[in-house]
Amino acid sequence: MQRDELEAGLELAPQKMKLKTRLLIAAAVLAALCIAVLASLLYAAVRSEEKAPAVITSDLLGKQLRSVQELTTVAYYYTNMGRFENQVDFYGWKVPFTTKSFIISYDGVIKAGVDLADVSIQVNEDIKTITVTLPGSKILSHEIPEDTLEVFDENDNIFNRITIEDYAGFTKDQKELMEQRAIDNGLFTGADEKAQTAVTAFLSLLPEMEAYTLTIQ
C-alpha cells in the first residue's frame with residue numbers, strides 16, 4: 001500500500017513542477033506587461049509636456065531682449081583736435097601776458113542705442129499678437145582712451161598756470177561737442193534702425209513666436 005502511494009506521489013510530482021513553472025512564467029509575463037503599460041503612460045506624459053507650447057509673457061520676452069543689448073548698440077569712432085585757451089580776467093578786462101593755452105589731439109568712441117530695459121511689450125493671447133515699443137536711442141557711453149591723448153603747443157606763465165582742472169574741464173567740453181556732432185551726423189537714426197532690425201530678427205527666431213504676429217514700433 002505504501003509502495004503504491006509512493007509511486008502515485010512520484011507520478012504527481014512532475015505535474016506539480018510543471019504547474020508551478022507555468023504559474024511563474026505567467027506571473028513574469030504579467031509583470032512585464034504592467035511595466036510596459038506604465039512605461040508607455042510615462043512616455044506619453046513626458047511627450048505631451050514637451051509638445052505643450054511655452055507661454056509667452058512680456059516679462060519673458062523682456063528678459064530675453066536684455067540679454068542681447070550689445071546687438072542693438074552702434075559705435076561711433078572719431079579722431080579730433082581741440083584748442084584750449086584762457087586769460088586772466090579782471091572785472092571784464094583781459095590782463096595782458098596772462099594767456100595760457102594748449103592743443104590736444106585724441107581718439108574717442110561713442111556708443112549709442114536703445115536701452116532694452118525700457119522696452120514696452122504687449123502680448124495679446126486672444127488674437128495672438130505681440131507689440132514691442134522701443135524707446136528712442138540715447139548715448140550709452142563715451143570713452144576717450146588716455147593713451148590716445150597728445151598735447152601740443154602748451155603755453156602758460158607764472159600768473160596763469162595750466163592745471164589738471166584745465167585738462168579735465170577741456171575734455172568734458174570736448175566730449176559734449178563730439179556727442180552733438182555725432183548726433184548731427186545721424187548717430188541716433190542709425191541706432192534706432194539697428195535696434196529695430198536686431199530686435200525683429202532675434203524675436204522672430206524664437207520657436208514660440210510662430211503662432212504670433214510680431215509688430216515692432
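S137 sits in the loop that joins strand 4 (129-133) to strand 5 (138-143). The model is predicted.

**S137**
- The relative accessibility of S137 is 11%, so S137 counts as buried, the cut-off being under 20%.
- Its side chain makes a polar contact with the side chain of D192, at 2.4 Å.
- Leaving aside residues up to four places away in sequence, S137 touches G113, V114, F188, A191 and D192.

**Q69**
- Q69 is placed in the loop between helix 2 (58-66) and strand 1 (73-90).
- With residues up to four places away in sequence not counted, Q69 touches V114, D115, L116 and L140.
- The C-alpha atoms of Q69 and A117 are 8.9 Å apart in space, while the two residues are 48 apart in sequence.

**Helix 3**
- Helix 3 has 21 residues (residues 164-184) and should span 30 Å at 1.5 Å a residue; its end C-alpha atoms are 30 Å apart, so the two values agree.
- Its buried residues are D166, F170, Q174, M178 and A182.
- Viewed down the axis of helix 3, these buried residues fall within an arc of 125°, and therefore they line one face of the helix.
- An α-helix has 3.6 residues a turn, so residues three or four places apart point the same way.
- The exposed residues E165 and K172 are on the face of helix 3 turned away from its buried side.
- Cover for the buried residues of helix 3 includes strand 1, strand 2 (93-113), strand 5 and helix 4 (187-204).
- After helix 3 comes G186, which has a positive phi, near 95°.

Technical notes
Residues numbered from 1 in each chain as written. Predicted model: local features only at pLDDT ≥ 70, side-chain atom pairs only at ≥ 80, totals over all residues. Heavy atoms only, no water. Helix = DSSP H or I, 4+ residues; strand = E, 2+ residues; numbered from the N terminus. Buried < 20%, exposed > 50% of the residue type's maximum accessible area, 1.4 Å probe, protein only. Polar contact = N/O pair within 3.5 Å; in protein donor to acceptor, adjacent residues only side chain to side chain. Contact = heavy atoms within 4.5 Å. Expected span 1.5 Å × (residues − 1). Arc of directions from axis to C-beta.
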